[in-house]
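Here is my note for your first look at this chain. Please keep the sequence and the 3D view open as you read.

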Amino acid sequence: MAVLSATLVGLGQRNMLLPVGMALAAAASLWWCDRLGRIALDGWVINVAVVGTAAVAAWRFAQVGGPTDAAVAADGLIGLQAVMLFERKTTRTYWDLFSLSLLQAFL
């Protein structure tokens with residue numbers, strides 16, 4: 001669902017880099033995290049990546065204004081989902097990814 005919502009955002013922005021990047025991240029996390037179990041980012045690494053993603057989104061918000069604010073928010077959600085794909089999956093992680101995907105589709 002994360003790839004589908006990123007595709008919807010990419011179609012709306014006429015930018016296919018985000019959906020392709022999300023598809024690659026989803027495939028890599030499916031293979032390396034879920035199937036092989038070799039990569040599972042620790043909680044502190046996830047937190048640093050989320051804060052970094054939020055900082056980039058805040059910086060981009062300061063640069064743009066008007067109707068592009070929703071595009072910046074959607075891009076930030078795509079980054080957040082890409083980070084969350086590489087953590088150890090729990091039921092809460094799946095619900096978080098689902099709710100972020102729905103929110104992203106509404107933006």
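1. **Overall size.** The radius of gyration is taken over C-alpha atoms, and the globule rule is 2.2 Å times the number of residues to the power 0.38. For 107 residues, a compact globule would have a radius near 13 Å; the protein chain has 14 Å, which agrees. Along the principal axes, the C-alpha atoms fill a box of roughly 45 × 25 × 20 Å.

2. **Where the values come from.** This is a predicted model, in which local features need pLDDT of at least 70, side-chain atom pairs count only at pLDDT 80 or more, and totals for chains, interfaces and linings use all residues. Residues are numbered from 1 along each chain as its sequence is written, and side-chain values use heavy atoms, with hydrogens and water left out.

3. **Fold elements.** The protein chain has five helices and zero strands. Both kinds are DSSP runs, numbered from the N terminus: helices are H or I with at least four residues, strands are E with at least two. The order from the N terminus is α-α-α-α-α.

4. Of the 107 residues, 31% count as buried. Buried means under 20% relative accessible area, exposed over 50%, and partly exposed in between (1.4 Å probe, protein chains only). Now take contacts (heavy atoms within 4.5 Å). Among those between residues at least 6 apart in sequence, 62% join residues at least 24 apart.

5. **Surface.** The accessible surface comes to about 6,700 Å², and carbon and sulfur atoms hold 69% of it. That area is from the Shrake-Rupley method with a 1.4 Å probe.

6. **The aromatic pair.** Rings of Phe, Tyr and Trp (its six-membered ring) pair if their centres lie within 6.5 Å; planes under 30 degrees apart count as stacked, over 60 as edge-to-face and the rest as tilted. This rule gives one aromatic pair. The ring centres of Trp95 and Phe98 are 5.6 Å apart and their planes stand at 90°, so the pair is edge-to-face. Both residues lie in helix α5 (residues 91-106), three residues apart, about one turn of the helix. Trp95 is exposed at 56% relative accessible area, whereas Phe98 is partly exposed at 35%.

7. **A residue to check.** Which residue has a positive phi although it is not a glycine? Arg14 does, at about 55°. Most residues other than glycine have a negative phi. Arg14 sits in the loop between α1 (2-13) and α2 (17-35). With 79% relative accessibility, Arg14 counts as exposed.
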